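Trainee: I'm new to this one. Can we go through it piece by piece?
Mentor: Go ahead and ask.

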Number of protein chains: 2
Amino acid sequence: MATARRLLEAEGPGAVTMRRIADEMGIRAPSLYKHYPDKRSLEAALKAEGLREFGAALSSALAKAGSPIGAIAGAYRSYALEHPHLYRLTNDDELPRDLLPPGLEESVAAPLIAVFGSRDKTRVAWALAHGLVSLELSRRFPPDADLARVWQAAVRALEAMTTKELGAARRG
Amino acid sequence: MATARRLLEAEGPGAVTMRRIADEMGIRAPSLYKHYPDKRSLEAALKAEGLREFGAALSSALAKAGSPIGAIAGAYRSYALEHPHLYRLTNDDELPRDLLPPGLEESVAAPLIAVFGSRDKTRVAWALAHGLVSLELSRRFPPDADLARVWQAAVRALEAMTTKELGAARRG
DNA sequence: GTCTATAGTGGGATAGAC
DNA sequence: GTCTATCCCACTATAGAC
């Protein structure tokens, strides 16, 4: 697993093959099947670790935050840019929910829902952050785009969304 | 190209191989290399077509729109859900900018920039829409999430962002 | 513009000995 | 828990005849 992760982060998903993992460990590929029944289960372990670690990074940014939304956004982007392949594996791919520790997803989401005030708003915030890093990682923005400024605009929009409640409640 | 697109949409990117394309056409794989120098150039043609078509779908939704942002959002989601593999190919993958018709990206973006008022805001809107469909297509939201409501919240946030200008200008 | 033949590379996985 | 040997699969791409 440690080897698989190292390979993934260093060379991308294409490098994570049973043969490469075994090579790096100095053993033969078939030996791996004594530890994992197949490749899918190995990838599932990788995704669970990535999810846990990503959640921890967000929570810890939240803990020392003056302005929570800005802090989460900053931590989200930093983590994704520092671990692009692991980020993609856990947030772009389908999750093997049958092989994941129960409750893991919910435990990652919970602290965020507390910040954004509702599940729906948390999903909007997640989608926005995910969209931004996704497009940045695939270099879909034009090369001259000032992404720091785009993130600032995004954070402002999310802050407006979360504070709007009072006015909306009064109107409703 | 038409065959490649049919394969992509029907069976996903894994089915788009030179062999499958040739099989579907009733010819042999090597014959394809008389029409495209390599696979990358064939994929580039596919991406250009997808980009053009997607842009056209958004523009046409805009043309008959009462509320432009809601209309664009609706068209964005519909297109992505109706052509998931083509959408991913053109919005998730890296673009082969060296093989794309010059000006194509800009011509897709231009009508949107007019709606959202600035490049930065357009990028926020794009990221939000892209994040939402991305997470929906990879089934990353919990199965019981009400995505129609999430999209409504997203559209409200974008509308707030685009109308805020006046107040912000007065303050600034 | 099509064909046959083939090179070269890589992948996941299993059987069975030690 | 490791090994060797192996199966079977798939892919991109080229050479050269027609």
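Trainee: How many residues of domain 1 of chain A are in contact with domain 2 of chain A?
Mentor: 8 residues of domain 1 of chain A touch 8 residues of domain 2 of chain A, contact meaning heavy atoms within 4.5 Å. This is a predicted model, where local features need pLDDT of at least 70, side-chain atom pairs count only at pLDDT 80 or more, and totals for chains, interfaces and linings use all residues. Residues are numbered from 1 along each chain as its sequence is written, chains are lettered from A and ligands numbered from 1 in written order, and side-chain values use heavy atoms, without hydrogens and water.

Trainee: Where do the domains of chain A run?
Mentor: Domain 1 covers 1-35 and domain 2 covers 46-171; the bounds come from an automatic or database domain assignment. Their centres, taken over C-alpha atoms, are 29 Å apart.

Trainee: What area is buried between them?
Mentor: About 720 Å², with carbon and sulfur atoms giving 64%. Buried area is the accessible area (1.4 Å probe) that two parts lose on being put together, summed over both.

Trainee: And how many salt bridges between those two domains?
Mentor: The count is 2, a salt bridge being a side-chain nitrogen of Lys or Arg within 4 Å of a carboxyl oxygen of Asp or Glu.

Trainee: Which residue forms a salt bridge with A:R5?
Mentor: A:E53 does, with the closest N and O atoms 2.7 Å apart.
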